[in-house]
Amino acid sequence: MSSITRRTALAAGASLLAPAWAQTASPTPAKPLVIKFSHVVAPETPKGKGALRFKELMEIRSGGRVKVEVYPNSTLFKDKDEIAALKRGEVQLLAPSLSKLRPLGVKEFEVFDLPFLFKNRNAFTDTAQSYGRTLFTKLEPSGVRGLAFWDNGFLLMSANRRLRDVDDFKGLKMRIQPSAVAEAEMHALGAEPRVMNFSELFTGLQAGSVDGTEGTASNFLTQRLPEVQKHLTLSNHGYLAYALLVNRAFHDSLPADLRAVFDSAVADATQYANAIANTENAWALGKIKTSARVALYAPLAAELDEWRRALMGVHQDVATRVGAAALQAAYQAAGFVPPR
Ligand code: LMR
């Protein structure tokens with residue numbers, strides 16, 4: 001067992017054993033049902049490992065009636081195309097970040113991108129499980145079903161210059177996800193936002209079409225960004241998490257016994273992915289630190305207050321799109337009190 005596998009196995013402690021009812025599943029048909037699960041990150045990330053765990057559980061528990069094909073690293077679809085492919089049924093499962101759900105037309109997901117909304121991981125989880133769950137029902141008319149929230153972690157900010165004061169952002173072209181909030185944030189910091197597919201991030205930074213980015217330590221490391229970014233600020237200014245989505249018609253079409261296997265594999269893979277996210281990011285940050293290629297900067301409270309002041313206008317901006325009631329509901333779920 002590799003050290004990474006051992007580490008995450010210990011962190012999650014989940015069992016692969018089939019529940020008793022799954023052992024009575026019908027005999028294996030000649031041709032297994034194929035589930036395609038496409039995502040954009042590396043296999044050695046919380047989401048990548050969660051996807052592989054789902055595959056493992058689904059294949060074992062279905063007794064070979066289902067084959068799960070996991071396509072990591074945008075090998076099947078990139079950010080821009082994956083949601084359309086899910087709606088068309090060309091893939092059955094995706095786990096896009098909550099920042100990429102705009103094509104599904106449920107604007108209220110935008111609040112998950114708000115700067116400094118979550119004081120810790122639990123605040124994110126509480127918000128996802130209450131406020132977030134209510135948004136899943138709004139996805140149904142688009143032919144997509146929300147199954148679960150998968151965690152990654154807090155966003156850090158990188159560039160080839162140290163990002164300490166708000167002034168440090170001036171004029172930088174910053175890669176962002178396709179999120180109206182991230183766009184407004186970069187403008188508020190004096191940077192130029194550039195939406196770019198995740199798969200193009202490394203080359204974009206290498207070629208200088210963007211100067212910096214925001215992301216988690218696990219993504220930073222596995223996308224080899226230490227080769228193209230000299231500074232990383234441990235700002236924890238935002239949060240990266242995912243919605244596990246299934247094509248609704250596909251989910252509805254599963255025979256009852258397979259649907260029960262599917263739902264149990266989703267539940268256990270979710271538990272696993274969320275249990276390892278913290279450890280994976282802490283481990284990745286340690287690796288980035290020991291590589292000594294990137295200068296890490298932990299901002300002082302007063303410096304982060306300056307970022308916060310610059311970014312609070314973005315919260316009001318979101319209220320104009322999602323409505324004050326949705327913003328308040330998210331604040332309440334997150335335990336967030338806006339500064340006066
Ligand atoms: C990004 O585009 O930065 C992230 O959404 C990638 C991911 O899926 O973690």
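**Notebook: ligand site and helix packing**

I began at the ligand, where a polar side-chain atom of Ser97 lies 3.5 Å from an oxygen atom of the ligand; I count a polar contact as a pair of N or O atoms within 3.5 Å. I note that this is a predicted model, in which local features need pLDDT of at least 70 and side-chain atom pairs count only at pLDDT 80 or more, while totals for chains, interfaces and linings use all residues. Residues are numbered from 1 along each chain as its sequence is written, and side-chain values use heavy atoms, with hydrogens and water left out.

I then looked up Arg175, which has a side-chain N or O atom 2.8 Å from an oxygen atom of the ligand, and Asn219, for which the corresponding distance to a ligand oxygen atom is 2.9 Å. Around the ligand (a heavy atom within 4 Å) I also listed other residues, including Val40, Lys47, Lys100, Gln177, Phe198 and Tyr242.

Next I turned to the helices, taken as DSSP runs of H or I with at least four residues, numbered from the N terminus. Helix α5 (residues 180-189) packs with helix α10 (residues 301-322) at an angle of about 145 degrees, their axes 9 Å apart; axes are lines fitted to C-alpha atoms over the stretch in contact, and angles run from 0 to 180 degrees between N-to-C directions. The contact (heavy atoms within 4.5 Å) involves, among others, Ala184 and Leu189 of α5 and Leu311 and Arg321 of α10. I sorted the residues of this contact into nine nonpolar, no polar and three charged, with Asp, Glu, Lys and Arg as charged, Ala, Val, Leu, Ile, Met, Phe, Trp, Tyr, Cys and Pro as nonpolar, and the others, Gly among them, as polar.

I followed α10 to helix α11 (residues 324-334), where the angle is about 125 degrees and the axes are 7 Å apart. That makes α10 oblique to α11, since angles under 35 degrees count as roughly parallel, over 145 as roughly antiparallel, 65 to 115 as roughly perpendicular and the rest as oblique. The contact is made by His315, Ala319 and Val322 of α10 with Ala324, Ala326, Leu327 and Tyr331 of α11, and I recorded six nonpolar, one polar and no charged residues there.

Definitions and conventions:
Helices (H or I, at least four residues) and strands (E, at least two) are DSSP runs, numbered from the N terminus. A polar contact is a pair of N or O atoms within 3.5 Å; within protein, one must be able to donate a hydrogen and the other to accept it, and residues adjacent in sequence count only if both atoms are side-chain atoms.
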